[in-house]
Amino acid sequence: MPADLKNKTAFITGAAHGQGRATAIALAKEGVHIAAFDIAKQLKYPGYALGSVDELESLKKEIEELGVQCIIHKGDVRNDNDITTAIKGSQSQFKKIDILFNNAGICAYGLAHELTEEEWDAMIDINLKGPWLVARRIIPLMIQQRSGVIINNSSVAGLRGMNRLSHYAASKWGLTGLTKSWAIELAPFNIRVVSIHPTGVNSPMNDGLAILENSTPPEIAERSAGNLMNVPWVEPEDVANAVVFLASDNCRFVTGSQFVLDAGLLSK
Ligand SMILES: NC(=O)c1ccc[n+]([C@@H]2O[C@H](COP(=O)([O-])OP(=O)(O)OC[C@H]3O[C@@H](n4cnc5c(N)ncnc54)[C@H](O)[C@@H]3O)[C@@H](O)[C@H]2O)c1
């Protein structure tokens, strides 16, 4: 069945590159207008290259060439001012937000007893508090509309333990809890909430972790994965296709659930 998302609007965090960008483009191809939000600068932690202003600008161009509108916002999901400014801009242009893809996130390795408090806080603040800070500003708009879909990008790490990634796993399990709880709160308003749980994805995050770990991107993907299917990772476009499907009315009664995109990893 076609996704039938024409003229809807999506607010996407972490949209400059990786899965957020691929999803913005996939939704735009379905006729969805895009508000793309990204920190677009490097952070001391995790230390690898995050998105950039150039990437945000090239995304806008690429999306507009598809015949839909795109607005870009540079901002941090930890900063309520950045979020409210971006949402105001999006509302004044699009008048509604139908889809929220809570996707921005970071990853970095470290044994629990060796992490600094600063590293712990950065991980939890960006990956868990950030999605809540964004959602709490968009949920009231969706309640008014009596419709909406929120998709939280968790990970297989939101459904299992991970070696040297306990803070990352804690943030991603947190997203699973937010998903189930928001689904309960928001079902009366016809708002669906789902989480997605990819295995390793061939994205700049993976490349960045490989540099930090003095390893290769496939080794990084395989380290935490062990996919049943013979691939080290899935592509950002695989994730994007799943988001398009979950955002569409083909999934109109799918809420509170976890969409696993793991090449079989969690079956073991
Ligand atoms: N790469 C993987 O193997 C993998 C697997 C499963 C889940 N995930 C999750 O998927 C999501 C997207 O990951 P990706 O692979 O595209 O990573 P990525 O690093 O390639 O892209 C993440 C984007 O988020 C942005 N971002 C980071 N911190 C931000 C902040 N504080 N405020 C606003 N934007 C911020 C970055 O600038 C970047 O553009 C993340 O939540 C990640 O944890 C990744």
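Here, two residues are in contact if their C-beta atoms, placed from the backbone, lie within 7 Å. With that in hand, here are some close-ups of this predicted model.

**View 1. Helix 2 and what covers it.** Helix 2 takes in residues 53–64, twelve residues in total. From its first C-alpha to its last it reaches 17 Å, close to the 16 Å expected at 1.5 Å a residue. Look for Glu55, Leu56, Leu59 and Ile63, the buried residues of this helix. They sit on the same side of helix 2, because they cover an arc of only 100 degrees around the axis. Helix 1, strand 2 and strand 3 are included in what covers these buried residues.

**View 2. Helix 3, one side in and one side out.** Helix 3 covers residues 80–94, so to speak a run of 15 residues. Its reach from first C-alpha to last is 20 Å, close to the 21 Å expected at 1.5 Å a residue. Buried here are Ile83, Ala86, Ile87 and Ser90. Their arc around the axis is only 100 degrees, which puts them on the same side of helix 3. Those buried residues pack against strand 1 (9–13), strand 2 (33–38), strand 3 (70–74) and helix 4. The face turned away from the buried side carries Asn81, Lys88 and Ser92, which are exposed. After the helix comes Lys95, with a positive phi near 70 degrees.

**View 3. Ile34 and the largest nonpolar core.** In soluble globular proteins, nonpolar side chains tend to be buried together. The largest nonpolar core in this model has 78 residues, and Ile34, Ala36 and Val243 are those with the most contacts inside it. Helix 4 (residues 117–145) gives the largest share of this core, nine residues. Zoom in on Ile34: leaving aside neighbours within four places in sequence, its contacts are Ala10, Ile12, Ala24, Leu27, Ala28, Ile63, Val68 and Cys70.

**View 4. Ala28, a buried residue of helix 1.** Ala28 has its place in helix 1. Is Ala28 buried or exposed? Ala28 is buried, because 24 other C-beta atoms lie within 10 Å. Setting aside neighbours within four places in sequence, Ala28 is in contact with Ile34, Ile63, Leu66 and Val68.

**View 5. Arg192 in strand 6.** Strand 6 runs over residues 191–198, and Arg192 lies in it. Arg192 is buried, since 24 other C-beta atoms are within 10 Å. Which residues does Arg192 touch, not counting those up to four places away in sequence? They are Val149, Val254 and Thr255. Ala15, 177 residues from Arg192 in sequence, is 21 Å away in space, C-alpha to C-alpha.

**View 6. Around the ligand.** There are 30 residues around the ligand, and Gly14, Gly18, Gly51, Gly105 and Ser203 come nearest. The elements giving two or more residues to this shell are helix 1 (18–29), helix 4 and helix 6 (204–212). How do the residues of the shell divide into nonpolar, polar and charged, and how many are there of each? Twelve are nonpolar, 15 are polar and three are charged.

Notes: Residues are numbered from 1 along each chain as its sequence is written. This is a predicted model: local features need pLDDT of at least 70, side-chain atom pairs count only at pLDDT 80 or more; totals for chains, interfaces and linings use all residues. Helices (H or I, at least four residues) and strands (E, at least two) are DSSP runs, numbered from the N terminus. A residue is buried if 20 or more other C-beta atoms lie within 10 Å of its own, exposed if 12 or fewer, and partly exposed in between; C-beta atoms are placed from the backbone. A nonpolar core is a set of buried Ala, Val, Leu, Ile, Met, Phe, Trp, Tyr and Cys residues joined through C-beta atoms within 7 Å. A residue is near a molecule or strand if its C-beta atom, placed from the backbone, lies within 6 Å of it. Ala, Val, Leu, Ile, Met, Phe, Trp, Tyr, Cys and Pro count as nonpolar, Asp, Glu, Lys and Arg as charged, and the others, Gly among them, as polar. The expected span of a helix is 1.5 Å times one less than its number of residues. The arc is that of the directions from the helix axis to the C-beta atoms.
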